[in-house]
Amino acid sequence: MEKTTILWADDEMDLLKPHILFLQGKGYEVITAVSGDEALDIVKDNRNIAAVLLDENMPGLSGLETLNKIKQMRATLPVIMITKSEEEHIMDDAIGSKIADYLIKPVNPNQIILSLKKTLDNKRLVSERTNTEYRKEFQQIGMTLSDNLNWTEWTEVFKKIVYWELEMDKAQDKGMLEVLTMQKADANSQFFKFIEKNYINWLNGKDPKPPTMSHTLIKNKFIPELDKNENVFLLLIDNLRYDQWKILQPIIQDYYKVESEDLFCSILPTATQYARNAIFSGLMPSEIEKRFPDMWSNDEDEGGKNLHEEAFMQAQLKRLNKEVKMSYTKITNYQAGKKLADNINNLLQNKLNVIVYNFVDMLSHARTEMEIIRELADDEPAYRSITKSWFEHSPLIDIIQQLAAKKIKIVITTDHGTVHVKEPTKVLGDKNVNTNLRYKQGKALDYNSKEVFEIRNPSDAFLPKLHPSSRFIFAKEDRFFAYPNNFNYYVNYYRNTFQHGGISLEEMIIPYITLTAK
C-alpha cells in the first residue's frame with residue numbers, strides 16, 4: 001500500500017521525533033522542515049505531498065505567511081495549522097486563509113492522526129458511511145414500493161430518494177449512485193401506475209382525500225397564510241424541483257427559518273401553460289377556458305400562454321372573499337430582477353406581493369438548446385449545481401435578504417418540475433399536434449397505448465377539447481415523444497435533456513415552502 005506523504009514544518013522539530021515515529025508507524029511518510037522557506041522549497045519540488053502540518057510561530061517567515069505562499073503555489077493542498085496561541089485573531093486569519101484544520105500545542109499523536117484522517121480521508125469516510133446507510137434503507141424503500149401507497153406515502157418515498165441523491169452527490173460514489181438511479185427508475189414506474197389509477201378520480205370527487213393540487217393550492221395552503229400575516233410575498237420559481245429546493249434551502253436559511261415544507265401535486269400536463277394558470281386561477285384548464293374565454297390560449301393558438309396570471313389571481317381572491325391590495329411581478333431576465341431588488345420597498349404597502357421568477361424554466365430550455373449549458377448541466381448533480389450557482393449570484397437572493405431584514409413572510413412554490421429524459425416513445429400526429437416532448441394532444445395521434453397515459457376524453461381531466469376526436473397522451477418515467485421521421489437525429493438531440501409535461505415523481509411532486517424571517 002502506497003504511503004501518504006506529509007510535510008511537517010516546525011522550528012522545534014527535534015522535540016517532535018516521537019510524534020514522527022508514531023506517524024510513520026501508522027503508515028505515513030513524514031518530510032520535515034525547520035522554517036517557512038524550507039517548507040516552501042519542499043512543496044515546490046515535491047508534488048506527492050498530501051498535507052502540511054504547519055507551526056504558526058516560526059522565526060523568519062511566520063506560519064501565516066508560509067500558509068499564504070503555499071496556497072499561492074498549490075491552492076488545494078490541505079494545511080493543518082499548529083499553534084501555541086489561542087488568540088482569536090490568529091485563528092480568524094488562519095481560517096480566512098482556508099486552512100483545513102488547526103491544533104493547539106501541546107498536541108498528542110492521536111490528535112494529529114484524527115486531524116489527518118478528517119482532512120485526507122473525509123471524502124472516503126463520508127462515502128463509506130453514506131453507502132452503508134443507503135444499503136440499510138435500500139431494501140426498506142424497495143419493500144415500500146411494492147405496497148399500495150397513497151399520496152402522502154408517495155411523498156415520503158420521494159423525499160427519501162431525494163435525500164439519498166443529495167448524499168450521493170457528496171460521496172461521489174458512482175457505483176452506489178447507479179443502484180440509487182435504478183431504484184428511482186423503479187419508483188417512477190410504480191408512480192406512473194399510481195397516477196394512471198387515481199388521477200381522474202381525484203379530479204372528479206371519487207376520492208374522499210385527494211392531494212392538494214395546482215388548482216386547489218391557493219385555497220388550501222396559501223389563504224390561511226394570507227389571513228395570518230400583514231404582508232406576504234408569494235414567490236413562484238418556475239420549474240423548481242424538490243431536489244433543487246433542497247440545495248437552495250441552506251442558503252435561504254441564513255435569513256429565514258423553514259416554518260413548513262409541504263409537497264403538492266401538479267396537474268397534468270405538468271407544463272407552465274396549464275399548471276401555473278391553474279394555480280393563479282384556482283380552476284382547471286377547461287374551467288378557465290369556459291369562465292375566461294378571452295384569457296385562455298390553447299396549444300394551437302399563437303402568442304404567450306401565461307399573459308393573464310395577475311387577473312386570474314385577483315379573480316380567485318375575489319371568489320374567496322379576499323379582496324386585498326396586491327402586486328404581481330414577472331421576472332424573466334437579470335435586469336428585471338435587479339430592478340425589482342432596487343425597488344422592493346415600493347411593494348411593502350401591499351398585503352400581497354406575487355413574484356414569478358422564470359430562471360429555472362429558462363435553464364431547462366437552454367439546457368436543450370445551448371451546447372454550453374448542455375456541458376455545464378449534463379446530469380442531475382450538475383443540473384442542481386448550476387441552479388445553486390445561479391441562485392447565489394442572482395438578484396433573488398438580494399430580494400430575500402431585504403425581506404428578511406423587514407421580517408416579511410415568504411412562501412416559495414413552483415408550478416411543476418422537470419425530468420431527465422432518456423428513452424424515446426414513438427408517436428405520429430398531424431401538423432397541429434403540439435411540440436412538447438412529454439405530452440401530446442391532437443385528433444390524429446398514433447402511439448403504443450402501453451407506453452403512455454392516455455386521456456381519450458379530455459373533459460374527464462378538465463382539459464380543453466379542441467376537436468371532437470381530441471385526446472391527450474402523457475409520457476411516463478424518463479421517456480420523451482419522438483416522431484418516426486428523422487428518428488435517430490431527433491432522439492440523439494433530445495436524449496439526456498430536461499423536459500416537463502408528463503408523469504414522473506420529479507414533475508408532479510413539487511414543493512410549497514413557508515418561511516419566517518429570523
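Which residue in β16 is the bridge partner of Val 452? In this predicted model, that partner is Ala 475. The pair belongs to a join between β15 (residues 452-455) and β16, two strands that run antiparallel and share four bridges.

On to the other partner of β16. Strand β13 (residues 439-442) also pairs with β16, again in the antiparallel sense and over four bridges. Here Tyr 439 has Phe 474 of β16 as its bridge partner.

Five strands make up an open sheet, and reading across it gives β2-β1-β3-β4-β5, with parallel pairing. The edges are taken by β2 (28-33) and β5 (101-104); each has a single partner strand, so one side of each is left without a neighbour in the sheet. From one strand to the next, the twist averages 20 degrees.

Val 52 sits opposite Val 79 of β4.

Two helices come with the sheet. Helix α1 (residues 17-25) lies across β1 (4-9), β2 and β3, and runs at about 150 degrees to β2. Helix α2 (residues 36-45) likewise lies across β1, β2 and β3, with an angle of about 135 degrees to β2.

Notes: Residues are numbered from 1 along each chain as its sequence is written. This is a predicted model: local features need pLDDT of at least 70, side-chain atom pairs count only at pLDDT 80 or more; totals for chains, interfaces and linings use all residues. Side-chain values use heavy atoms; hydrogens and water are left out. Two strands pair if DSSP finds at least two bridges between them. Axes are lines fitted to C-alpha atoms, for helices over the stretch in contact, and angles run from 0 to 180 degrees between N-to-C directions. Contact means heavy atoms within 4.5 Å.
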